[in-house]
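Keep the sequence and the structure in view while reading.

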Amino acid sequence: MSGKNDSEFFYPSEEVKAQANVKDYESLYKRSIEDREGFWAERAEDLEWFQKWDKVLDDSNKPFYKWFVGGKTNIVHNAIDRHLKTWRRNKVALIWEGEPGDVRTYSYHALNREVSRFANVLKSMGVKRGEIVTIYMPQVPELPIAMIACAKIGAAHSVVYGGFSHEALSDRINDAQSRVLVTADGGWRRGKITDLKKIANNAMKNSPTIEVCITVKRTEHEVYMENDRDFWYHDLMGLPIASPKCETEVMDAEDMLFILYTSGTTGKPKGVLHTHGGYSVYTSTTHKYVFDIKDEDRWWCAADPGWITGHSYIVYAPLINGSTVMMYEGAPNHPYPNRWWQMIEKYGITILYTSPTAVRGLMRFGDSWSQKHDLSSLRLLGSVGEPINPEAWKWYHKVIGREKCPIMDTWWQTETGGFMITPLPITPLKPGSATKPFFGNEVAVVDDAGNEVKAGEVGKLVLKAPWPGMARTIYGDDERYKEVYWKEFEKQGWYKAGDSARIDEDGYVWVIGRIDDVIKVSGYRLGTAEVESAFVSHSDVAESAAIALPHELKGNCIHVFAILRAGMSGSKELEAELKNHVSEVLGPIAKPEKVIFVDSLPKTRSGKIMRRVLKARALGQDEGDLSTLES
Ligand code: PRX
């Protein structure tokens, strides 16, 4: 079974090829597979270490791989400190534009000063090495500053996306046992204030471990501040303790840098754990090779720093590579759908990295909004988060990239830390395919028994070899880490991605989507179990099942089948109420598209809901094998 786009190629221009950091994929790939440790050791040599590693890869306790064992480093040393010794001290590190149009810029020198000051503030609040600070913020410069400040003093951060509800925030604070929360009074989104402090205040009611909450003043609306617990960021930064000098803590390569919660197959979000050493090497190498980073670039990853894309490619990788990073607070279409194009022109952005959902959303407004602007500074484009449909790919390529900017469709996950399957600028592209594995990675599509399927056939995507940016565990739950990613192909020692995919005759990988109980809505990752438990927390609902259905803009949307409690009956009003309830419990991204009231749900004899049957029914497709269905 092959796709209809399999033979359609887009070739890079001679100009793109001439300036590419990597000129020959095949030979470097071969080398990286034949001598994986040698390849990664060389990449690690590009960074500075306080002490060199003794061993590149320790695989003595699989699947708990360790990289650069014995090495001493701190990601902040490479992301900031080392640049201060060079001309880059004066280079613009961060250009930030707020939704209302306010602008702030930081040189590497200034970024270091702000990070150091806040690091000293955190220290004065008793923050210690290894402790996890929770950060719940809008897209303002203080967000990366707070993240980097934690890393600098050896604390770990847990950033909770600013669109999450108080319950989601509180669950994450409790799992991480955070003592300190950094937040903001609010942020701007489509001209409105998102009331983050109010949500944080509600979350703290159920999070008794929080002793200190530091709040950045952004929107300046009235917020409740509790005596002895709440402090304004600007007040603390004005005190003598906020000195601009702060030593960067010496860390082991394998010390925790951050945890980031992501949805999985059970209701409880997983704190995916990344470390200082391997993550520094992996993210900076992927960024440099895939996006061909040059000192002249102005790099814009238009994700939210609250997700892995922002962690790896707004904050850490670009700073390690000494790039100028663009960051924008608000919505792409506010006040008009030319907002992004206007900023690309204004700041001379050279590389734009975004999601298919954003591309489809902007495509909807037609070509004229981008044509009002000079986008000739762009030389590369990127896509991440979900498969990009060829129609959106072609629009992005033609209208935004004026047919001269190759699109780097990067497949990866919170757990992988960085790009795993991706083109390079020199790769002939096929719209909708993430193309080939990045250096050091071996990828396969297999059946349930682990046999590689034939070219063009759909199977499970697995990663056959470890890589430095891989998650080390799920925070506090090693067993779950083994169970979720490594158990199914334990014999072979492969990592199961949870995606289905096919590899075509040319060796190009086409990722199809999740095959577990994870739903990707607008590129955001949600668990069916999370949505279902939000549903049954409503007093009218007895049981529910959430499924993903295709959606033109969002990629997927959520449909929920709900059984009501005895005596209750479904209505339009109740549907609206339930949708709002989920939005409140989990956050607006989880709001279902549709609620369908039913009397029963298809289940296996062991009582598991057969979501695939619901999905087939909803799509009017064959329901497949029903032999295990409860009669
Ligand atoms: O299903 C794949 C999809 O996003 C999942 C990972 O989600 P998350 O951990 O939130 O990380 C998103 C950003 C890295 C994957 O299992 N996905 C991500 N990138 C792509 C993709 N699907 C197809 N093509 C991609 N380029």
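The chain has 79 positive and 86 negative charges, and their mean positions are 2 Å apart. Lys and Arg count as positive and Asp and Glu as negative, while His and the chain ends are not counted. Each charge is placed at NZ of Lys, CZ of Arg, CG of Asp or CD of Glu.

The model is predicted: local features need pLDDT of at least 70, and side-chain atom pairs count only at pLDDT 80 or more, whereas totals for chains, interfaces and linings use all residues. Residues are numbered from 1 along each chain as its sequence is written, and side-chain values use heavy atoms, with hydrogens and water left out.

**Overall form**

The chain holds 19 helices and 30 strands. These are DSSP runs numbered from the N terminus (helices: H or I, at least four residues; strands: E, at least two). A compact globule of 631 residues would have a radius of gyration near 25 Å, and the 24 Å of the chain agrees with this. That radius is taken over C-alpha atoms, and the globule rule is 2.2 Å times the number of residues to the power 0.38. The C-alpha trace spans about 70 × 60 × 60 Å along its principal axes.

Of the 631 residues, 61% are buried. Buried means under 20% relative accessible area, exposed means over 50%, and partly exposed is in between (1.4 Å probe, protein chains only). Among contacts (heavy atoms within 4.5 Å) with a separation of 6 or more, 71% join residues 24 or more positions apart.

**Helix H16**

Helix H16 covers residues 478-486, and its residues Arg480, Tyr481, Tyr485 and Trp486 are buried. The buried residues of H16 pack against strands S15 (270-275), S23 (473-474) and S24 (495-503).

**Aromatic pairs**

Rings of Phe, Tyr and Trp (its six-membered ring) pair if their centres lie within 6.5 Å; planes under 30 degrees apart count as stacked, over 60 as edge-to-face and the rest as tilted. By this rule there are 44 aromatic pairs. Two of them are listed here.

| Pair | Centre distance | Plane angle | Type |
|---|---|---|---|
| Tyr25 and Phe439 | 5.6 Å | 35 degrees | tilted |
| Phe39 and Trp40 | 5.0 Å | 80 degrees | edge-to-face |

Tyr25 in helix H2 (residues 25-34) and Phe439 in the loop between strands S20 (407-410) and S21 (443-446) are 414 residues apart, so the pair links distant parts of the chain. Tyr25 counts as buried at 12% relative accessibility, and Phe439 is buried at 1%. Phe39 and Trp40 are both buried as well. One aromatic cluster includes these four residues together with Tyr29, Tyr282, Tyr289 and Phe438.

**Single residues**

Ser323 lies in the loop between helix H11 (308-320) and strand S17 (324-328). Ser323 is buried, with a relative accessible area of 2%. Beyond its neighbours within four places in sequence, Ser323 is in contact with residues including Lys91, Tyr108 and His287.

Most residues other than glycine have a negative phi, and most peptide bonds are trans. The bond from Lys62 to Pro63 is cis, with omega near 0 degrees, and Pro63 lies in the loop between strands S1 (55-58) and S2 (66-69). The bond from His334 to Pro335 is cis, with omega near 0 degrees. Glu403 has a positive phi, near 60 degrees, and is exposed at 54% relative accessibility.
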